[in-house]
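This report looks at how two chains meet, then at one chain by itself. The sequence and structure come first.

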Amino acid sequence: MSGIFEYNGGSIVGMKGKNCIAMACDRRFGQQMSTITTNYQKVFKIQDNILLALSGLNSDIHTFYALMEKEINLYNLKENRKMKPTTFANLVASALYERRFGPFFVTPIVAGLENGKPILATYDSIGCKSDLDDFQVGGTGGNYIYGACEAFFKPDLSPEELEEVIGQSLVSGCDRDSLSGWGGVVYVLTEQKLTVKILKTKQT
Amino acid sequence: MIDFDPSTFGLAHTYQKEDKDEINTLSMPSAPQVIYRSLNGPTQTNGGNKLNNFKHGTTTLGFVFKEGILLAVDSRASMGSFLSSEQVRKVIEINEYLLGTMAGGAADCQYWLAYLANHCRTYELKNGSKLSVAAASKFLQGILIGYKNSGLSMGCMIAGTDLSGQHLYYIDNDGMRLKGDIFSVGSGSTYAYGVLDNYYRYDLSLDEAVELGVRAIYHATHRDTASGGVVRVYHIHQNGWTKVHDGIDVVDLHYKFAQQKGLVGDGDEAKQRLF
């Protein structure tokens, strides 16, 4: 397996629903063909209404998350207010482009709720933002998850339905990728709460 | 006069001429010829990095114990990181008293083990007695030495029963042939050896041996990305071989073993932060 993006493996997916968003990720932390742990965190809560999912090189996943955590904390302190999801989506793009000639080897997905309206943005590793789609994927299993998403997804799903659809898409996609899987976590964010569910998946 | 015609020079051609005489039954297509031998050494497979060589992406194991030989294999086939199948049959039934395991190139293993089966049957008909395991494995070794450095990829175990008992051989594309009591082949073999070496005893009962084989394969499938699917188990005894398990799903095994330890098995034993 060549490629820095295939070194650790992993998959993420984000979806929009009716006044809600969902993110899902696998839980594998591996080094090429060997699996090290099965409880690695890849989705981070940046703020009560913003989730950041990262796939790619695990070292950069951690570093980039720490950088974004720092940015949002400083913003909260300086501006004395919460950051809007669309602002954060732009911040991610700028932070990635800042490292244009020595990039972070990550493909992030940002999801949030702005005044009840769902926001979903995805990027390549140097910060090209794409925020017009209803679902996005990332990671080594991404292409396989796309297929499952196209089959299961419908616009304006309720939070319960969205949780079911995103869970199924992640699991079906990861089952065809040898570098992703070993568990799954689904996060569903609504105006009222964030629900986190651990999926029972193949552990092979 | 030695024939210097390049198309027939070398060991490979001898295996074609063999049975062309009387027995005119369903003869196998001619064995492939090596037309050009590279002077550059072994054909590099997958950039020469053995650990990432997906052609050996598998876990197979076999061990000798007091009730005969146990073979256990996984069933995953991957093309790079894409899983092409989870239902492959990696134990090839050569005949009723010989089994071969597949690791490396599937096409290579399937073809040459079928070729071996043909040879064994022809020998049996010509000579009135079955070919011994030692002779069958040596025949295969001879073929592979003839194709050395041409890029064949095979790491198989030949296990069977004959008049002198049950025997296990390891054969690979480099021409290595080893007789032994415990072998594990493939990318997941390191994980399987860990379990196998820990609990192996010659005087295991059949049930204990099956349990050991299944466990070793399960642990390899959990850690190795190129192994997975289902576990298939075969037992070789003095009357031939028996298929003990046609396919136990390793996912079920994971949750069963976790439950035995009092855990859920979803990776949350360490109670990691989720968000």
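## Charged and polar pairs

Across the interface of chain A and chain B, the rule finds one salt bridge. This is a predicted model. The salt bridge joins K202(A) to E86(B), and the closest N and O atoms are 2.3 Å apart.

Polar contacts also cross the interface. The rule finds 15 residue pairs in polar contact between chain A and chain B, both residues being at pLDDT 80 or more.

## The chain A side

Four strands of chain A each supply at least two residues of the side that touches chain B: strand 4 (34-37), strand 5 (43-47), strand 11 (184-190) and strand 12 (194-199). Strand 4 of chain A gives the largest share, four residues. By class, the residues on this side of chain A divide into 13 nonpolar, eleven polar and eight charged.

## Extent of the interface

Chain A puts 32 residues into the contact, and chain B puts in 36 residues. About 2,900 Å² is buried between chain A and chain B. Carbon and sulfur atoms give 49% of that area. On chain A, M33(A), Q203(A) and T204(A) supply 25% of the area buried against chain B, more than any other three residues.

## Chain A by itself

Chain A has four helices and twelve strands. Its radius of gyration is 16 Å, close to the 17 Å that the globule rule gives for 204 residues, so chain A is as compact as a globular protein of that length. Along the principal axes, the C-alpha atoms of chain A fill a box of roughly 45 × 40 × 25 Å.

Of the 204 residues in chain A, 55% are buried. Among contacts in chain A with a separation of 6 or more, 63% come from residues 24 or more positions apart.

Notes:
Residues numbered from 1 in each chain as written. Chains lettered and ligands numbered in written order. Predicted model: local features only at pLDDT ≥ 70, side-chain atom pairs only at ≥ 80, totals over all residues. Heavy atoms only, no water. Contact = heavy atoms within 4.5 Å. Buried area = accessible area lost by both parts, 1.4 Å probe. Salt bridge = Lys/Arg side-chain N within 4 Å of Asp/Glu carboxyl O. Polar contact = N/O pair within 3.5 Å; in protein donor to acceptor, adjacent residues only side chain to side chain. Nonpolar A, V, L, I, M, F, W, Y, C, P; charged D, E, K, R; others polar. Rg over C-alpha atoms; globule rule 2.2 N^0.38 Å. Buried < 20%, exposed > 50% of the residue type's maximum accessible area, 1.4 Å probe, protein only.
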